[in-house]
Amino acid sequence: MSDTKKTILHTLDKRGVARLTFNRPEKRNAFDDCMIDAINQQLDQWLADGTARVLIIDAAGGNFSAGADLGWMKRTASLSFEDNQSDAKALASLMQRIDTFPCPVISLVNGAAYGGSLGIIAASDMAFCASDASFCLSEVKIGLIPAVISPYVIRAIGERAARRYMLTAEVIDASQACQLGLVHGIDDDLEAVAENLITRVLTNGPSAMAACKSLIQTVSSQTLDEQLIADTSDRIARIRTSDEGQEGLQAFLEKRRPAWVKEQP
C-alpha cells in the first residue's frame with residue numbers, strides 16, 4: 001500500500017484557494033485505496049473548515065494520473081464481492097465529493113489522464129489541459145468497465161461519445177478532449193489559466209456559487225414542470241433575502257466592493 005502521508009499534497013492559502021495535488025509521480029499518480037482515502041479525508045477537512053473559496057486539483061510530475069494502481073488491482077482481484085463493493089464505494093464517494101464540493105473545482109491536466117482520473121476531471125466544474133495531455137477510458141482493455149465514473153463522464157461528453165470511447169478505449173488527444181467537452185480549453189501555462197479563473201471566482205459570492213452549483217445539478221436532471229418552476233422561484237427568493245444576497249445587492253447599488261471580496265495580498 002502507498003504511504004498516505006505522501007500520496008497527496010494539499011495547501012490552503014489566505015485567499016481561500018485550496019490546492020490538492022496527486023503526489024505519486026513514480027507511479028504516474030495512479031490511484032490506490034490509500035490515496036483515495038487520503039483525498040476523501042482532505043476534502044472532508046476543507047468542508048468542515050468552510051474557508052475554501054476555490055479548489056484546484058493538479059498532479060506532480062509529468063502525468064495527471066494513470067488510473068488504478070496495478071498493485072491495488074491485484075489486491076482487489078482476490079477480494080470478495082462485498083469487499084469489492086465497499087472498495088468501489090470509496091471511489092464513488094470521492095467523485096461525489098468533488099462533484100458536490102460547494103465552491104468551484106478546477107482540474108489542471110498535464111500528460112496522461114487514464115481510467116478513473118477522467119471521472120475527477122468530468123466531476124470538476126472546470127477543466128483545462130496542456131497540449132501534450134492525453135485521455136483514455138481504458139477499462140475494457142483489461143475486462144473491466146468505467147462504472148463508478150460513468151455518470152460524470154457521460155454527463156460531460158454525452159452518451160454518443162461515451163459509446164465510442166468507452167467501448168474502443170481509444171486515446172483521446174487534447175484537441176479531441178476539448179471538442180468533446182471533457183476539458184474547457186488547452187493551454188501550456190496552466191498556472192496562468194488557474195490564476196485568471198481564481199481572480200474571477202474570488203469576486204463572486206461564496207454562498208451564491210454553492211447555491212448555483214446545487215441549482216445546476218437540480219435543473220439539469222429534472223423535467224421543466226410546475227414543480228421545478230416552483231423550486232427555482234424558491235431558490236432565488238432565499239438567496240435574495242440571505243445576508244450575502246442583501247450585501248451583494250447593496251454593494252451593487254452603492255457601487256462598492258461586496259464584503260466577501262478581499263484585497264489582493
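Helices here are DSSP runs of H or I with at least four residues, and strands are runs of E with at least two, both numbered from the N terminus. H6 covers residues 159–168. An α-helix has 3.6 residues a turn, so residues three or four places apart point the same way.

The model is predicted: local features need pLDDT of at least 70 and side-chain atom pairs pLDDT 80 or more, while totals for chains, interfaces and linings use all residues. Residues are numbered from 1 along each chain as its sequence is written, and side-chain values use heavy atoms, without hydrogens or water.

The cover over the buried residues of H6 includes helix H5 (150–157), strand S8 (171–173) and helix H7 (174–180). Contact means heavy atoms within 4.5 Å. After H6 comes Ala169, with a positive phi near 55°. H6 also holds a charged pair. Glu159 forms a salt bridge with Arg163, and their closest N and O atoms are 2.9 Å apart. A salt bridge places a side-chain nitrogen of Lys or Arg within 4 Å of a carboxyl oxygen of Asp or Glu. Glu159 and Arg163 are 4 residues apart in H6, about one turn of the helix. Arg163 has 48% relative accessibility and counts as partly exposed, the class between buried and exposed.

The structure holds 15 salt bridges. One of them joins Arg19 to Asp58, with the closest N and O atoms 2.5 Å apart. Arg19 lies in strand S2 (residues 17–22) and Asp58 in strand S3 (residues 54–59), so the pair ties together parts that are 39 residues apart in sequence. Both Arg19 and Asp58 are buried. Side chains of opposite charge can pair when their charged atoms come close.

Glu254 and Arg256 also meet in a salt bridge, at 2.6 Å from N to O. Here Glu254 is partly exposed, at 46% relative accessible area. Arg256 is partly exposed too, at 35%. Elsewhere, salt bridges that share partners join Asp13, Arg15 and Glu195 into one network.

The structure holds 0 disulfides, counted as pairs of cysteine sulfur atoms within 2.5 Å. Cys103 is in no disulfide, and the nearest cysteine sulfur, that of Cys212, is 13 Å away. Cys103 is buried, with a relative accessible area of 5%. Cys212 is likewise in no disulfide. It is partly exposed, at 37%.

Overall, the protein has 11 helices and 9 strands. A compact globule of 265 residues would have a radius of gyration near 18 Å; the protein has 19 Å, which agrees. The radius is taken over C-alpha atoms, and the globule rule is 2.2 Å times the number of residues to the power 0.38. The C-alpha trace spans about 60 × 45 × 35 Å along its principal axes. Of the 265 residues, 45% count as buried. Among contacts between residues at least 6 apart in sequence, 70% join residues at least 24 apart.

Notes: Buried < 20%, exposed > 50% of the residue type's maximum accessible area, 1.4 Å probe, protein only.
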